[in-house]
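Subject: The model we talked about

Hi there,

Here is the structure I promised to pass on. Please have a look at it first, and then read my notes below.

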Amino acid sequence: MAQILERLRAQVLATADLHRALALRPGQNIHLSEHLRRVTGIIALACAGRILLHQELADDCAVSPEAVLPLGQIVSEAMTNAVKHARPDGDLVRLVVRCWRDDLDTICVEVADNGCGLAPDPANSGGLGLRLIRQLARKAGGAAEFHSGDDGLRVLVRLPDRNLSTCYVI
């Protein structure tokens with residue numbers, strides 16, 4: 001129960017930060033890396049001693065206000081799922097959170113862990129967390145991919161260039 005409450009607290013704090021940023025510059029796109037730094041930082045504090053976090057967040061990733069909240073929720077969901085499921089042996093969970101713009105000007109957001117991976121067919125998995133990530137990715141205007149193997153799970157969300165802009169809100 002304490003983990004659930006801490007997770008909700010982390011999401012509320014990240015959402016409050018985002019609302020403040022939106023209020024300062026309404027209608028402008030959001031600098032995604034700054035929002036993801038807030039989200040990952042809050043979760044890392046809540047999970048201190050259980051995760052080792054590495055971030056690679058490019059500064060040239062801006063998304064619409066409608067996309068930034070679902071993307072933050074995806075990162076939050078993937079991180080907390082990794083803490084719960086990646087290392088059932090209780091070992092430290094290594095997480096990598098990345099965002100970048102690829103060669104096609106697509107925004108990519110990735111959360112990867114060093115866990116045990118998923119069941120053999122993650123694309124058709126009915127797990128609540130994976131369904132939530134898929135729905136949130138669609139809400140952001142993109143699509144989610146799941147890559148699972150012996151070296152862990154990688155959640156990748158791609159947003160096409162219609163969500164991009166050169167305007168940033170920090």
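In the hairpin of β4 and β5, five residues lie between the strands, and D105 takes a positive phi near 60° there. D105 is not a glycine, although its phi is positive. You will find D105 in the loop between β4 and β5. Its relative accessible area is 38%, so D105 counts as partly exposed (buried means under 20% relative accessible area, exposed over 50% and partly exposed in between, using a 1.4 Å probe and protein chains only).

A word on how to read all this: the model is predicted, so local features need pLDDT of at least 70 and side-chain atom pairs count only at pLDDT 80 or more, while totals for chains, interfaces and linings use all residues. Residues are numbered from 1 along each chain as its sequence is written, and side-chain values use heavy atoms, with hydrogens and water left out.

The chain as a whole

The secondary structure comes to four helices and seven strands (DSSP runs numbered from the N terminus, with helices being H or I of at least four residues and strands being E of at least two). Along the sequence, the pattern reads α-β-α-β-β-α-β-β-α-β-β. The chain has 170 residues, of which 42% count as buried. Among contacts between residues at least 6 apart in sequence, 70% join residues at least 24 apart (contact means heavy atoms within 4.5 Å).

Strand β5 and its partners

Strands pair here if DSSP finds at least two bridges between them. Strand β4 (residues 93-101) runs antiparallel to β5, and seven bridges join the two. One place to look is W100, whose bridge partner in β5 is C108. β5 also runs antiparallel to β7, through six bridges, and A112 stands opposite R154 in β7.

How enclosed is β5 by the rest of the structure? Seven of its seven residues are buried, so β5 is largely enclosed. In a regular strand, side chains alternate between the two faces of the sheet. From β5, I107, V109, V111 and D113 point one way, C108, E110 and A112 point the other way, and all are buried.

β7 has a further partner in β6 (residues 143-149), with seven bridges between these antiparallel strands. In this pair, F146 stands opposite V155 in β7.

The nonpolar core

In soluble globular proteins, nonpolar side chains tend to be buried together. The largest nonpolar core in this model has 37 residues, and those with the most contacts inside it are L32, V63, L71, V75, M79, V109 and L159 (such a core is a set of buried Ala, Val, Leu, Ile, Met, Phe, Trp, Tyr and Cys residues joined through side-chain atoms within 4.5 Å). At least two residues of this core come from each of α2 (32-46), β2 (51-57), α3, β4, β5, α4 and β7. The largest share, nine residues, is supplied by α3.

Setting aside neighbours within four places in sequence, V109 is in contact with L32, L36, L71, V75, R98, C99, V155, L156 and V157.

At 3% relative accessibility, S76 counts as buried, while Q73 is partly exposed at 28%. The C-alpha atoms of S76 and L36 are 9.0 Å apart, with 40 residues separating them along the chain. For Q73 and L36, the C-alpha separation is 9.5 Å across 37 residues of sequence.

The largest pocket

Rolling a probe the size of a water molecule over the atoms shows where empty space is left. The largest pocket holds about 260 Å³ of space. A pocket, on a 1 Å grid over the protein atoms alone, is an open set of points where a 1.4 Å probe fits, with protein on both sides within 12 Å along at least five of seven lines; lining residues have an atom within 4 Å of a point. Grid points are joined across faces, edges and corners, and the volume is the space filled by probe spheres set on them.

The lining has 18 residues, and N81, H85, L118, L130 and L153 lie nearest the centre of the pocket. α3 (65-85), β5 (107-113), α4 (128-140) and β7 (152-159) each give at least two lining residues, with the largest share, four, from α3. By class, the lining has 10 nonpolar, seven polar and one charged residues (nonpolar covers Ala, Val, Leu, Ile, Met, Phe, Trp, Tyr, Cys and Pro; charged covers Asp, Glu, Lys and Arg; the others, Gly among them, are polar).

Best wishes
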